[in-house]
Amino acid sequence: MEKNIAEIGIFGGSGFYKLLAGAEEIAVETPYGAPSSRIMVGSLGGKKVAFLPRHGNHHEFPPHKINYRANLWAMKSLGVQRIISPCAAGSLQKPVMPGHFVVCDQYVDRTSGRIDTFYDGPIATHVSAADPYCSELRQLAISAGKISNITVHEKGTVVVIQGPRFSSKSESKWFTSMGWEVINMTQYPEVHLAKELELCVVNISLITDYDSGLVGSVDPVSHSEVVKVFTENLSKLQTMLVKLLESIPHERSKCKCANTLAGARFT
Ligand SMILES: [Zn+2]
């Protein structure tokens, strides 16, 4: 594996590349096939950063067709220790409004058929998912949002649905009744695979819409509306990302993410 090319990986699209200083494109091969695209590496916020658009450069991979294992493996192979995983998301609760950001602390996996582990044997490896996100990065992300004057919800549960379809009203009503806040199609297995590789991971959910069924007077979500709100808020996300990058210490000392596999195996 190549090392020390980048320390922080961000799953983000071409909108972010222009922020990078000294950007260079790297093709990475993995034992799991090709990642979604070449990886753009460069400097941002005083850190060596790798950007990979999870949906591909031309948005050619829908959520259920993303090679999540290749994407995470590729990041790790460049030396990345921490992952920032922003995403567009829907809201399941009225106070979580379009244009708000949520730094999620839990997920509920409602996907199916996605490959969600690096550990297919022969060594049985049971990685805890009790606390999916890095405690240190979550606090830094919340602070970065606040100093950027962004409305940030400090915790939330993201329901990850299989897609590419959106929820039925009954499904949405169920998720809302459970008290869960956010709905998305890509956090799982992205977050868990990062954890399996002992990477820190933090989510920043950019709320683009109310999910169908939440508010009777609101039209069901359409893709064009999602894109519109996402585009309007992209600059806020970029500002928050730079503040977050600036605040992340080079060494990992305040979280347990680097020791995730300790106690996960019988051997
Ligand atoms: Zn961590």
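Helix H5 has as its buried residues Gln187, Tyr188, Pro189, Glu190, Val191, His192, Leu193, Ala194, Lys195 and Glu196. Here a residue is buried if 20 or more other C-beta atoms, placed from the backbone, lie within 10 Å of its own, exposed if 12 or fewer, and partly exposed in between. This is a predicted model, where local features need pLDDT of at least 70, side-chain atom pairs count only at pLDDT 80 or more, and totals for chains, interfaces and linings use all residues. Residues are numbered from 1 along each chain as its sequence is written.

**Overall fold**
- The protein has six helices and eleven strands; helices (H or I, at least four residues) and strands (E, at least two) are DSSP runs, numbered from the N terminus.
- For 267 residues, a compact globule would have a radius of gyration near 18 Å, and the protein agrees because its value is 18 Å. That radius is taken over C-alpha atoms, and the globule rule is 2.2 Å times the number of residues to the power 0.38.
- Taken along the principal axes, the C-alpha atoms fill a box of roughly 55 × 45 × 35 Å.
- Of the 267 residues, 43% count as buried.
- Among contacts between residues at least 6 apart in sequence, 81% join residues at least 24 apart; two residues are in contact if their C-beta atoms, placed from the backbone, lie within 7 Å.

**Helix H5**
- H5 covers residues 187-196 and is mostly covered, with ten of its ten residues buried.
- Its buried residues pack against helix H2 (68-77), S5, S7, strand S9 (157-161), strand S10 (182-184) and S11.
- After H5 comes Glu198, which has a positive phi, near 60°.

**Strand S11 and its partners**
- S5 and S11 run parallel and are joined by ten bridges; strands pair if DSSP finds at least two bridges between them.
- Within this pairing, Pro86 has Ile204 in S11 as its bridge partner.
- S6 pairs with S11 in the antiparallel sense over two bridges, and Phe101 stands opposite Leu206 in S11.

**Val202 and Val103**
- Val202 sits in strand S11 and counts as buried because it has 26 C-beta neighbours inside 10 Å.
- Not counting residues up to four places away in sequence, Val202 touches Ile84, Ser85, Val103, Tyr133, Cys134, Leu137, Arg138 and Ala141.
- Val103 lies in the loop between strand S6 (101-102) and strand S7 (106-110), and counts as buried because of its 24 C-beta neighbours inside 10 Å.
- Leaving aside neighbours within four places in sequence, the contacts of Val103 include Arg138, Ala141, Val202 and Ile204.

**Helix H6**
- The 25 residues of H6 (residues 223-247) should span 36 Å at 1.5 Å a residue, and the end C-alpha atoms are 34 Å apart, which agrees. The expected span is 1.5 Å times one less than the number of residues.
- H6 bends by about 45° at Asn233, the bend being the angle between axes fitted to the seven residues ending there and the seven starting there.
- Leu237, Met240, Leu241, Leu244 and Leu245 are buried in H6.
- An α-helix has 3.6 residues a turn, so residues three or four places apart point the same way.
- The buried residues of H6 pack against strands including S1 (8-10), S3 (39-44) and S11 (200-210), and against helix H3 (135-147).
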